[in-house]
Structure formats: C-alpha cells, structure tokens
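Subject: Structure handover

Hello,

Here is the structure I said I would pass on. Please look through it first; my notes on what was found follow below.

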Amino acid sequence: MIRPSVLLFALLMSAPAVYRYVLDEIDVTEVLIRFLIAVPIAAILLAGLRYVTAGYGRREEPGTRVTPTPDTGDPKPEQT
C-alpha cells in the first residue's frame, strides 16, 4: 500500500508538469507519465528520510546501576 505522503510528495514533484498542462503546453499522458515516474522516486526518498529519523524522539531505557568497588591489588608492583 502506498502512503498518502508518498503520493502527495510525488504530486509536488510533478507539479511543474501539471502547471504546464493547465497552460495547455503538454498532453495529459505526459503529465501522468511524469507522475508515475515520481511515485517510486518519492517512495525511496521518504523511506530514506524515515530510516534516518527513526531513532529520534525515542527514550532510552535506564541503565543498570553499578556500585564501584575499590581495587584490592597491591598499589606498588614489584620491580625485578
């Protein structure tokens, strides 16, 4: 299923062709072809944007508390 945001972005990308159709400079088939080409491009671009921004706004789970313990080793190593 195609997301409505993809269709809206594809329509925005093909808006110059729609405008040229309104001015009667190009045929409706060319407008539809440009829109159909814009749909997969818009889907790929928006999928990339969703992938990049997927982690934003998520709350991290709190970590495990650890109590520090002193080192019980010899403070001065033996020199040989």
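**Helix 2 against helix 3**

Helix 2 and helix 3 are roughly antiparallel to each other, a term that applies to angles over 145 degrees. Their axes come within 9 Å and cross at roughly 170 degrees. Axes here are lines fitted to C-alpha atoms, for helices over the stretch in contact, and angles run from 0 to 180 degrees between N-to-C directions. Helices are DSSP runs of H or I with at least four residues, numbered from the N terminus.

Before the rest, two remarks on the source. This is a predicted model, in which local features need pLDDT of at least 70 and side-chain atom pairs count only at pLDDT 80 or more, while totals for chains, interfaces and linings use all residues. Residues are numbered from 1 along each chain as its sequence is written, and side-chain values use heavy atoms, with hydrogens and water left out.

On the helix 2 side, Ala17, Val18, Arg20 and Tyr21 meet Val28, Val31 and Arg34 of helix 3; contact means heavy atoms within 4.5 Å. By class, this contact of helix 2 with helix 3 has five nonpolar, no polar and two charged residues. For these classes, Ala, Val, Leu, Ile, Met, Phe, Trp, Tyr, Cys and Pro count as nonpolar, Asp, Glu, Lys and Arg as charged, and the others, Gly among them, as polar.

**Helix 1 against helix 3**

The axes of helix 1 and helix 3 come within 8 Å and cross at roughly 125 degrees. Helix 1 contributes Ser5, Val6, Leu7, Phe9, Ala10, Leu11 and Met13 to the contact, and helix 3 contributes Phe35, Ala38, Val39, Ile41, Ala42, Ala43, Leu45, Leu46 and Arg50. These residues divide into 14 nonpolar, one polar and one charged.

**The core**

Six residues form the largest nonpolar core: Val6, Ala10, Ala38, Val39, Ala42 and Leu46. Such a core is a set of buried Ala, Val, Leu, Ile, Met, Phe, Trp, Tyr and Cys residues joined through side-chain atoms within 4.5 Å. Helix 1 (4-13) and helix 3 (28-52) are the elements that give two or more residues to this core. The largest share, four residues, comes from helix 3. Not counting residues up to four places away in sequence, Ala38 touches Ala10 and Met13.

Ser14 lies in the loop between helix 1 and helix 2 (15-22). Ser14 is buried, with a relative accessible area of 4%; buried means under 20%, exposed over 50% and partly exposed in between, with a 1.4 Å probe and protein chains only. Leaving aside neighbours within four places in sequence, Ser14 is in contact with Arg34 and Phe35.

Asp24, in the loop between helix 2 and helix 3, is exposed, with a relative accessible area of 64%. Asp24 has a positive phi of about 60 degrees although it is not a glycine. Most residues other than glycine have a negative phi.

In the segment after helix 3, Val66 is exposed at 70% relative accessible area. Val66 and Val18 are 48 residues apart in sequence and 63 Å apart in space, C-alpha to C-alpha. Pro68 lies in the segment after helix 3 and is exposed at 78%. Pro68 and Val52 are 16 residues apart in sequence and 37 Å apart in space, C-alpha to C-alpha.

Regards

Note on methods
Parallel < 35°, antiparallel > 145°, perpendicular 65-115°, else oblique.
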